[in-house]
Amino acid sequence: MVSDNHQRTFHSKHVCVIGAGPSGLVAARELRKEGHAVVVLEQNDDVGGQWLYDPNVESEEPLGRSKFLKVHSSIYESLRLTSPREIMGYTDFPFVVKKGRDTRRFPGHRELWLYLKDFCEWFGLREMIRFNSRVEYVGMLDYGEFGKEVKWVVKSKEKKADQKVVEEVFDAVVVATGHYSHPRLPSIKGMDTWKGKQLHSHIYRVPEPFRNEIVVIVGNSLSGQDISIELVEVAKEVHLSAKSLNISEGLSKVLSKYKNLYLHPQIDVLGEDGHVTFVDGSWIIADTILYCTGYSYAFPYLDTKGIVAVDDDRVGPLYEHTFPPSLAPSLSFVGIPRKLIGFPFFESQAKWIAQLLSGKRALPSFNDMMLSIKEFYHSRDVAGIPKHYSHDIANFEYCDKYADTVGFPRLEEWRKGLCISALVNADANLETYRDCWDDHELLQEALQSPHFTQLNAH
């Protein structure tokens, strides 16, 4: 009898990757490694995705309500990483300190962008990328013809003077457009008629425009807290409105340190004359409201005839946050999960997609995948987790299980440990956690591990 290996035929597919950020770059690398022909379409003039800092936000609608955004990156000038650099790297490309660059453990955003450029250079990925090409439409060709594999039509527009539209057909499409661009906004009574300035943190870059203003920051996320600490130096008053007044030790230290920083519950109503009234009845008159309320998943270019939909930030149905069962593996998503150690996870997703497309691995049946999704949704409902947190993982066991499915190495214990210690430190010491830490032993273990000592540590 012929062994299974001899019967398997490996296929080389023509694959389009949308986006040249952290997930798109590693997807392109894994696909090419597996023998596929890859084209990466990137709307900007360089790699990096979210990490390609864009100071020019004048053209963007302040609340980011347009379907197609003009600005992709939501990074502000002073932003520093919230995770230590040691845990950030792809498995075979450690995020090492380089002479003459930002050598801090929690460097500024430019350092991570340079790391992505180095990654691109080291693995020769640039030749696969078509820059200044904005994807306008992705749809199925001949969908529904029995026995025919789905192919994909991709229309992209060059950002040059002639704005030429290019139409191509691919065997598969990998969506890697990130999820930190499209603002998720609350709906607050009076929001549309309030006379002051309103913007989402998507277009916040520097504190200067808020000098001497009374600013309300909505949302107690890490970025909301960081931006509050930055604005307190220039604004007259900063009022942080949070869903819960049950705050971290770190935030309460900051509140007692700055006399012009105040904590409030949620906003009840916005009055036309500039009044901001909170649910406890207290009120202020403000100049600006800055919404640090997070981001939504949006794929305005993607037409799957309703097969894949975004419902209150649940992208579904997706098997293991990666494949829509009825279109797998010809359509896949890399980088949707949040609250995990991103780059190694995106790498494991990319490897799985590449091997499924080549025929090296196989997916469960359609019914089994749908059942798995149903069970996942049910487990979240039972745990009382709101739908819009569907893709928040916050669970190392899930990442390990995913890696096992793909034949990918599990996260090293030091990576998990350093991740947890940074979270704990940030919770207690919001202003200083990036510069003062006490995980030296774990750090030494990390730096002596194969990840950092591997031969190609560039």
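Modeller: Strand S14 and strand S15 (residues 283-285) run antiparallel and are joined by 3 bridges. The model is a predicted one. Across this pairing, histidine 275 stands opposite isoleucine 285 in S15. The two strands form a hairpin with 4 residues between them, and glycine 281 there takes a positive phi near 95 degrees.

Strand S14 (residues 275-278) also pairs with strand S13 (residues 267-270), again through 3 bridges and in antiparallel fashion. Here valine 269 has threonine 277 in S14 as its bridge partner. S13 and S14 likewise form a hairpin with 4 residues between them. In that turn, glycine 274 has a positive phi of about 105 degrees.

Strands of a sheet pair through backbone hydrogen bonds, in either a parallel or an antiparallel manner. S18 runs parallel to strand S4 (residues 133-141), and 2 bridges join them. Within this pair, glycine 139 stands opposite aspartate 303 in S18.

Glutamate 34 lies in the loop between helix H2 (22-33) and strand S2 (37-41). Its relative accessibility is 18%, and glutamate 34 therefore counts as buried, the limit being under 20%. The side chain of glutamate 34 makes a polar contact of 2.7 Å with that of serine 358. A further polar contact, of 3.3 Å, joins the side chains of glutamate 34 and lysine 360. Apart from neighbours within four places in sequence, glutamate 34 is in contact with Ala354, Gln355, Ser358 and Lys360.

Leucine 423, by contrast, is exposed, with a relative accessible area of 54%. This leucine is found in helix H9 (residues 413-428). On the surface, Leu423 forms a nonpolar patch with Ile420 and Val424, and together the three residues have about 290 Å² of accessible area.

Conventions: Residues numbered from 1 in each chain as written. Predicted model: local features only at pLDDT ≥ 70, side-chain atom pairs only at ≥ 80, totals over all residues. Heavy atoms only, no water. Patch = residues over 30% accessible without salt bridge, like charges linked within 9 Å, V, L, I, M, F, W, Y side chains within 5 Å. Areas by Shrake-Rupley, 256 points an atom, 1.4 Å probe, with all protein chains shown as cover. Salt bridge = Lys/Arg side-chain N within 4 Å of Asp/Glu carboxyl O. Buried < 20%, exposed > 50% of the residue type's maximum accessible area, 1.4 Å probe, protein only. Pairing = 2+ DSSP bridges. Polar contact = N/O pair within 3.5 Å; in protein donor to acceptor, adjacent residues only side chain to side chain. Contact = heavy atoms within 4.5 Å.
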